[in-house]
Amino acid sequence: MNVTALRTERVSCAAFSDQRPGTSGLRKKVTQFQKPHYLATFVQAIFDGVGDLKGSAIALGGDGRFFNREASLIILRMAAAHGIARVVVGRGGLMSTPAVSNLIRQRGLKGGIILSASHNPGGPEGDFGIKYNIANGGPAPESITEAIFARSQSITGYDILPEVAGSIDLDRPGLQNLGGLEVEIVDPVADYATLMEKLFDFDRMRSWLKANGMLFDAMHAITGPYATEILRNRLGASPASLINAIPKPDFGNHHPDPNPAHAEELMAAMWTANAPGLGAASDGDGDRNMIVGPKLAVSPSDSLAVMTANATLIPGYARGIAGVARSMPTSRAADVVAAELGIASYETPTGWKFFGNLLDAGRVTLCGEESYGTGSDHVREKDGLWAVLFWLNLLAVTGKSVPQILAEHWRRFGRHYYSRHDYEAIDSDKANAIVAALRQRLPDLQARGHKDWRIEEADDFRYQDPIDGSVSEKQGLRLIFSNGGRLVLRLSGTGTVGATLRLYLERFEPRNSVLDLDPQAALADLAACAEDIIGIRKGSGRNAPDVIT
Ligand code: VG1
Ligand code: CO
């Protein structure tokens with residue numbers, strides 16, 4: 001090969017002002033990422049911002065959405081130009097977020113790049129995203145994402161191996177060379193499936209599945225091949241128990257978001273008379289999960305609490321768990337369990353990156369978010385299929401149904417009625433004004449309220465990481481009521497159009513009170529109170545939330 005052709009090319013271009021990573025990486029419309037130099041400048045900012053990647057080995061995988069393949073090839077050419085030694089890539093450029101986390105950890109890689117906008121819609125008109133994970137397998141902490149952003153703002157160009165210098169076949173397993181860079185294409189599923197077999201009792205789960213059946217909705221996203229290997233091949237689930245299991249670049253035109261609003265097909269099936277014992281779904285990149293029983297959708301906050309209470313029944317956690325962490329807006333159901341079990345509990349800002357230090361330090365074993373995310377110290381990301389297998393294992397060892405497990409849990413610990421109301425893609429100025437107005441009024445809100453609802457505390461959540469001491473301010477406005485209720489308001493950091501306001505509502509009922517209400521009915525008073533105090537509808541001009549979960 002011509003030696004000059006291998007020489008890297010320096011492309012000069014201007015910085016883009018909108019490359020600050022949000023809750024989970026940089027997410028924009030595909031059309032934005034397709035603009036000349038847009039992806040490349042951000043990748044260069046990652047390489048420069050992270051700092052010491054030259055000569056190291058990293059992972060690369062994506063959720064298969066539109067632009068995944070093109071982006072993978074650009075990143076490989078840039079990795080070669082930057083002097084990275086090896087990139088381990090999922091076949092086809094595909095790998096779920098938890099599997100990338102596992103790959104980084106198992107292979108001792110320096111870090112990894114994940115191409116995903118997670119639950120956001122895909123396709124040419126949809127969203128794309130990119131994020132960097134560090135050597136522990138978890139999302140880069142704010143210190144690193146801020147360094148990446150700072151670099152993106154001063155960038156004047158990037159280095160890339162010219163296309164004529166060679167190419168990579170993303171579908172061919174094994175080692176290939178690209179201008180001195182070793183590219184190793186691996187099976188995205190095998191190692192992850194092996195890890196799952198170590199944590200769970202596959203024999204009992206197999207028998208349970210045979211008797212009770214399940215329905216898993218992969219939402220045309222990345223978990224299709226994982227579910228096929230684990231649920232069908234290794235656990236013997238019937239072919240009919242997997243739906244939407246073929247990944248598509250546009251997710252079949254659906255929102256790959258596992259919640260009752262978006263997983264319609266699954267919900268309909270679980271509300272029929274002959275519903276299987278377990279229903280479940282996961283999101284675009286495979287880190288979220290929804291658990292559904294016959295005619296009952298498990299609230300993610302309850303799911304975390306149930307897992308915490310029952311962890312020792314699962315082989316991987318039989319020796320007990322160190323503690324549990326939840327993001328601030330997640331209901332406090334897990335805290336009640338932790339207190340009863342005498343284990344530690346932590347409250348962190350929204351986003352998995354805040355759990356990393358607690359997991360690394362061995363302070364917690366389980367973590368969860370209200371946004372259909374649960375995970376453990378087996379990786380450093382939330383993990384959709386892991387959560388489904390956890391529940392499957394729990395059902396198999398207890399012999400109880402999902403509704404029974406929930407009812408017994410509430411009778412033991414009380415129930416946190418919980419809901420999130422999302423007002424999506426509203427005008428950014430209006431959204432910011434609503435948040436700013438509430439923030440300003442926080443000191444005056446003490447003792448204000450509505451009927452039985454009296455505010456006891458009102459603050460702007462500030463988190464100090466107990467391990468490294470780093471501080472994160474303005475992580476959500478909290479109104480805590482004297483009757484144990486709570487309202488939280490925050491702006492989403494994953495949307496790509498306008499601003500999305502999230503209102504989180506929570507009300508606690510002790511063990512001996514009414515535990516079987518419909519959550520929306522149970523929270524109707526609090527919702528009225530929220531409108532009274534915060535005035536989202538008035539301020540945004542919307543009559544109702546776009547999505548209620
Ligand atoms: C949302 C969720 C948050 C989650 C994040 C990434 O963030 O609320 O809990 O960690 O998405 O999940 P936000 O800022 O829009 O509220 V995923 O599966 O989209 O990577
Ligand atoms: Co996700």
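This briefing covers the overall fold, the ligand site and two individual residues of a predicted model. Local features need pLDDT of at least 70 and side-chain atom pairs count only at pLDDT 80 or more, while totals for chains, interfaces and linings use all residues; side-chain values use heavy atoms, with hydrogens and water left out. Residues are numbered from 1 along each chain as its sequence is written, and chains are lettered from A and ligands numbered from 1 in the order in which they are written.

**Overall fold**

- The protein contains 19 helices and 27 strands, where helices (H or I, at least four residues) and strands (E, at least two) are DSSP runs numbered from the N terminus.
- Its radius of gyration, taken over C-alpha atoms, is 23 Å, close to the 24 Å from the globule rule for 549 residues, so the protein is as compact as a globular protein of that length. The globule rule is 2.2 Å times the number of residues to the power 0.38.
- Along the principal axes, the C-alpha atoms fill a box of roughly 80 × 55 × 40 Å.
- Of the 549 residues, 58% are buried, meaning under 20% relative accessible area; exposed is over 50% and partly exposed is in between (1.4 Å probe, protein chains only).

**Ligand 1**

- Ligand 1 sits in the largest cavity. A cavity is a set of points, on a 1 Å grid over the protein atoms alone, where a 1.4 Å probe fits but cannot get out; a molecule sits in one if more than half of its atoms lie within 2 Å of its grid points.
- The ligand is surrounded by 20 residues, the closest being Thr-23, Ser-118, Ser-371, Thr-494 and Arg-502; a residue is near a molecule if one of its heavy atoms lies within 4 Å of it.
- This shell divides into 10 polar, 10 charged and no nonpolar residues. Asp, Glu, Lys and Arg count as charged, Ala, Val, Leu, Ile, Met, Phe, Trp, Tyr, Cys and Pro as nonpolar, and the others, Gly among them, as polar.
- Polar contacts are pairs of N or O atoms within 3.5 Å.
- For Asp-283, a polar side-chain atom is 3.1 Å from a ligand 1 oxygen.

**Individual residues**

- Tyr-463 belongs to strand 22 (residues 463–464) and counts as buried because its relative accessibility is 6%.
- Between Tyr-463 and Glu-347 there are 8.3 Å in space, C-alpha to C-alpha, and the two are 116 residues apart in sequence.
- Ser-428 is in helix 16 (residues 428–441) and, at 31% relative accessibility, counts as partly exposed.
- Ser-428 and Ser-303 are 33 Å apart, C-alpha to C-alpha, with a sequence separation of 125 residues.

Methods:
A polar contact is a pair of N or O atoms within 3.5 Å; within protein, one must be able to donate a hydrogen and the other to accept it, and residues adjacent in sequence count only if both atoms are side-chain atoms. On a 1 Å grid over the protein atoms alone, a cavity is a set of points where a 1.4 Å probe fits but cannot get out, and a pocket is an open set with protein on both sides within 12 Å along at least five of seven lines; lining residues have an atom within 4 Å of a point.
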